[in-house]
Amino acid sequence: MNRNHNIAKFIYNSSFDGFLEKLKILSAFNCRKLKSFPPIKLTSLKLLTLSFCDSLESFPEILGKMENVTQLCLENTPIKKFPLSFQNLTKLQELRLGYSKELRIRGCDAVMLQFSFVTFP
């Protein structure tokens, strides 16, 4: 099994629940065959990197408030839309979207997003 599948399997594996509560950085950088990412609720997470995941078309559902995530890196992904649960990233300050095309936020009229730093190509 390659690392692309191991990331999703690791997140789903309930035996890691206690460990994941303290996870601060989650990077799936350059996992080119990663097609989907499981729903996440990682309350201590500060940085999520899914950049250069060439096959990842949807952003994972966010289960509950994730108030510590300040940076989200999605450069060069084919992600086309964010789920409404994206609003659960309440402290997001930096959103990196370089080379991401056709990105839409579902329900954007109901979601007010404020960022101090957003990068595009």
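**Exercises on a predicted model**

**Exercise 1.** Find the closest cysteine sulfur to the sulfur of Cys 31, and decide what the distance says about a bond.

*Solution.*
Step 1. The closest cysteine sulfur belongs to Cys 53, and the gap is 5.1 Å.
Step 2. Recall that a disulfide is a covalent bond between the sulfur atoms of two cysteines.
Step 3. The cut-off for such a pair is within 2.5 Å. The 5.1 Å gap is therefore too far for a bond.
Step 4. Apply this rule to the whole model, which is a predicted one. The count is zero disulfides.

**Exercise 2.** Are Cys 31 and Cys 73 buried or exposed?

*Solution.*
Step 1. Buried means under 20% relative accessible area.
Step 2. Cys 31 has a relative accessible area of 1%, so Cys 31 is buried.
Step 3. Cys 73 has 8% relative accessibility, so Cys 73 is buried too.
Step 4. Now widen the view. Of the 121 residues in the protein, 40% are buried.

**Exercise 3.** Name the residues with the most contacts inside the largest nonpolar core, then trace the contacts of Leu 89.

*Solution.*
Step 1. The largest nonpolar core holds 27 residues.
Step 2. Leu 50, Phe 59, Leu 72, Leu 74 and Leu 89 have the most contacts inside it.
Step 3. Take Leu 89 and set aside its neighbours within four places in sequence. Its contacts are then Phe 59, Ile 62, Met 66, Val 69 and Leu 72.

**Exercise 4.** How many helices and strands does the protein have, and in which pattern?

*Solution.*
Step 1. Count the elements: two helices and seven strands.
Step 2. Read along the sequence: α-α-β-β-β-β-β-β-β.

Methods
Residues are numbered from 1 along each chain as its sequence is written. This is a predicted model: local features need pLDDT of at least 70, side-chain atom pairs count only at pLDDT 80 or more; totals for chains, interfaces and linings use all residues. Side-chain values use heavy atoms; hydrogens and water are left out. Helices (H or I, at least four residues) and strands (E, at least two) are DSSP runs, numbered from the N terminus. Buried means under 20% relative accessible area, exposed over 50%, partly exposed in between (1.4 Å probe, protein chains only). A nonpolar core is a set of buried Ala, Val, Leu, Ile, Met, Phe, Trp, Tyr and Cys residues joined through side-chain atoms within 4.5 Å. Contact means heavy atoms within 4.5 Å.
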